[in-house]
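Subject: Structure handover

Hello,

Here is the structure for you to look over. My notes on it follow below.

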Amino acid sequence: LSSSSAASDVYKRQDSSSTSYILRGLNTSTLDLDGLGTQIPIPSNTMSFVTGHIMAVNDVGTVYSTKFETSLYCDGVGNTTVQSSFQTVIKDDVPSGETWSVVPVGASNRFSYSTTRAGTTSTIKWVSYTQVVSIAWS
């Protein structure tokens with residue numbers, strides 16, 4: 001293929017997107033975009049690759065930081081399922097006896113992270129920078 005025809009082929013295949021999001025939450029929750037429960041939208045009939053950098057901090061500055069690489073499939077009626085996920089814990093200074101954890105979750109045309117705080121009443125603030133690449137798949 002010549003470079004012009006290859007470029008033309010790419011232009012004709014507008015079947016993907018890449019978007020970055022900031023999610024937030026407190027304590028045990030599902031992280032959201034706006035404080036109102038809005039999660040990341042996932043289009044039907046797509047495979048998506050999601051990279052999330054997540055940090056949690058308590059009132060005294062204790063830090064938990066992790067990265068997820070996740071793949072999703074969203075079928076024709078919006079059922080979004082996590083197909084695989086790989087987690088790298090970057091920093092874990094969570095005090096002994098406390099549990100701070102996070103997992104990726106799919107819902108109806110949506111994606112987010114579910115967080116858990118246990119063994120403490122301290123406020124844990126969670127934030128995530130998440131990039132989603134969705135590709136048409138039917």
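**Overall build**

From the N terminus on, the protein chain runs α-β-β-β-β-β-β-β-β-β. That makes one helix and nine strands. Helices (H or I, at least four residues) and strands (E, at least two) are DSSP runs, numbered from the N terminus.

This is a predicted model: local features need pLDDT of at least 70, side-chain atom pairs count only at pLDDT 80 or more, and totals for chains, interfaces and linings use all residues. Residues are numbered from 1 along each chain as its sequence is written, and side-chain values use heavy atoms, with hydrogens and water left out.

The C-alpha atoms of the protein chain fill a box of roughly 60 × 30 × 25 Å, taken along the principal axes. The chain has 138 residues, and 33% of them count as buried. Buried means under 20% relative accessible area, exposed means over 50%, and partly exposed is in between (1.4 Å probe, protein chains only).

The protein chain exposes about 7,700 Å². Carbon and sulfur atoms supply 53% of that area. Accessible areas come from the Shrake-Rupley method with a 1.4 Å probe; for residues, only the protein chains shown count as cover.

Now the contacts, meaning heavy atoms within 4.5 Å. Take those in the protein chain with a separation of 6 or more: residues 24 or more positions apart account for 64% of them.

**Charges**

The protein chain carries 8 positive and 10 negative charges, and their mean positions are 4 Å apart. Lys and Arg count as positive and Asp and Glu as negative; His and the chain ends are not counted. Each charge is placed at NZ of Lys, CZ of Arg, CG of Asp or CD of Glu.

How many salt bridges does a search of the whole structure find? It finds one. A salt bridge is a side-chain nitrogen of Lys or Arg within 4 Å of a carboxyl oxygen of Asp or Glu. Here the side chains of Lys 91 and Asp 93 meet, at 3.5 Å from N to O. Lys 91 has a relative accessible area of 40%, so it is partly exposed. Asp 93 is at 42%, so it also counts as partly exposed.

**Thr 62 and its contacts**

Asp 93 also touches Thr 62. Thr 62 lies in the loop between β4 (46–58) and β5 (63–74). Its relative accessibility is 16%, so Thr 62 counts as buried. Leaving out residues up to four places away in sequence, Thr 62 also touches Ala 56, Val 57, Val 94, Pro 95 and Trp 100.

Val 127 sits in strand β9 (residues 124–136). It counts as partly exposed because its relative accessibility is 34%. Val 127 and Arg 24 are 103 residues apart along the chain, yet their C-alpha atoms are separated by 4.5 Å. Beyond its neighbours within four places in sequence, Val 127 is in contact with Ile 22, Leu 23, Arg 24, His 53, Ile 54 and Met 55.

**Loops to look at**

- Asn 27 is in the loop between β1 (16–26) and β2 (29–30). Its phi is near 55°, a positive value in a residue other than glycine. Asn 27 has a relative accessible area of 18%, so it is buried.
- Asn 45 is in the loop between β3 (40–41) and β4. It is not a glycine either, but has a positive phi of about 60°. At 31% relative accessibility, Asn 45 counts as partly exposed.
- Asp 75 is in the loop between β5 and β6. Setting aside neighbours within four places in sequence, Asp 75 contacts Ser 44 and Asn 45.
- Gly 97 is in the loop between β6 (80–92) and β7 (99–107). It is exposed, with a relative accessible area of 63%. Apart from residues up to four places away in sequence, Gly 97 touches Ala 118 and Gly 119. Gly 97 and Ala 118 are 21 residues apart in sequence and 8.5 Å apart in space, C-alpha to C-alpha.

Best wishes
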